Amino acid sequence: MNKISIALCHCALVVSLFALVGCFGGPDVPVGKVTGVVTEGGKPLSGATVTFFPEGGRPSVGMTNDSGHYELLFTESVKGAMVGTHKVNISYGGPPPPGEASRERKVKRGLPPTSVDWPDPIEVTDSSNTIDFDL
């Protein structure tokens with residue numbers, strides 16, 4: 001192997017490493033942490049799925065616990081939602097989603113499926129956002 005071939009191999013290795021870091025190092029878009037509480041008639045709503053849909057890009061999803069608290073996930077390892085304006089959907093009730101059968105059934109899963117589109121757009125900033133919903 002001559003010096004030029006070795007140099008090209010090193011360049012290809014460095015480019016490949018940067019590509020891997022770009023794939024697994026995190027989002028390349030600004031993301032803000034989003035948490036909150038979902039209530040229905042003032043009572044915590046457990047087992048609800050909260051989805052934030054940005055104007056363009058990947059949605060973020062969270063599920064409420066027994067206290068109605070949720071935290072959005074942008075990806076499996078990145079918490080939050082894209083910075084900007086979002087439409088929000090909150091759904092609950094109905095049968096458990098595929099893969100949840102082995103988990104404990106949530107109380108609200110026995111209710112008829114319900115889907116609520118939040119009427120107002122929600123703004124997510126690049127800091128910590130606490131956004132509560134009362135259905």
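A: Let's start with a term: a nonpolar core is a set of buried Ala, Val, Leu, Ile, Met, Phe, Trp, Tyr and Cys residues joined through side-chain atoms within 4.5 Å. Keep in mind that this is a predicted model.

Q: OK, which residues of the largest nonpolar core touch the most other members?
A: V34, V50, F52, Y70 and F133 do, out of the 16 residues in that core.

Q: And which strands each supply at least two residues of this core?
A: β1 (31–40), β3, β7 and β9 (122–124). The largest share comes from β7, with 3 residues.

Q: What is Y70 in contact with, leaving aside its neighbours within four places in sequence?
A: Quite a list: V34, T35, G36, V37, V38, V50, F52, M63, T64, I131 and F133.

Q: T64 is on that list. Where does T64 lie?
A: In the loop between β4 (60–63) and β5 (69–71).

Q: Is T64 buried or exposed?
A: T64 is buried, because its relative accessible area is 2% and the cut-off for buried is under 20%.

Q: Which backbone nitrogens lie by a polar atom of the T64 side chain?
A: The one of G47 is 3.0 Å from such an atom, and the one of A48 is 2.9 Å from such an atom. Both residues also turn up among the contacts of T64 when neighbours within four places in sequence are left aside, along with V38, L45, S46, V50, H69 and Y70.

Q: Switching topic: where is H86?
A: H86 sits in strand β7, which covers residues 84–92.

Q: Buried or exposed, that H86?
A: H86 is buried, with a relative accessible area of 1%.

Q: What does the side chain of H86 reach?
A: The backbone oxygen of M82, at 2.6 Å.

Q: Which residues does H86 touch, not counting those up to four places away in sequence?
A: F52, F53, P54, A81, P121, I122 and V124.

Q: One more: where does T51 lie?
A: T51 is part of strand β3, residues 49–54. T51 counts as buried too, at 11% relative accessibility.

Q: Which residues does T51 touch, not counting those up to four places away in sequence?
A: P59, S60, V61, K87, V88 and N89.

Q: How are T51 and S91 separated?
A: They are 40 residues apart along the chain, and 8.5 Å separates their C-alpha atoms.

How values were computed:
Residues are numbered from 1 along each chain as its sequence is written. This is a predicted model: local features need pLDDT of at least 70, side-chain atom pairs count only at pLDDT 80 or more; totals for chains, interfaces and linings use all residues. Side-chain values use heavy atoms; hydrogens and water are left out. Helices (H or I, at least four residues) and strands (E, at least two) are DSSP runs, numbered from the N terminus. Buried means under 20% relative accessible area, exposed over 50%, partly exposed in between (1.4 Å probe, protein chains only). A polar contact is a pair of N or O atoms within 3.5 Å; within protein, one must be able to donate a hydrogen and the other to accept it, and residues adjacent in sequence count only if both atoms are side-chain atoms. Contact means heavy atoms within 4.5 Å.
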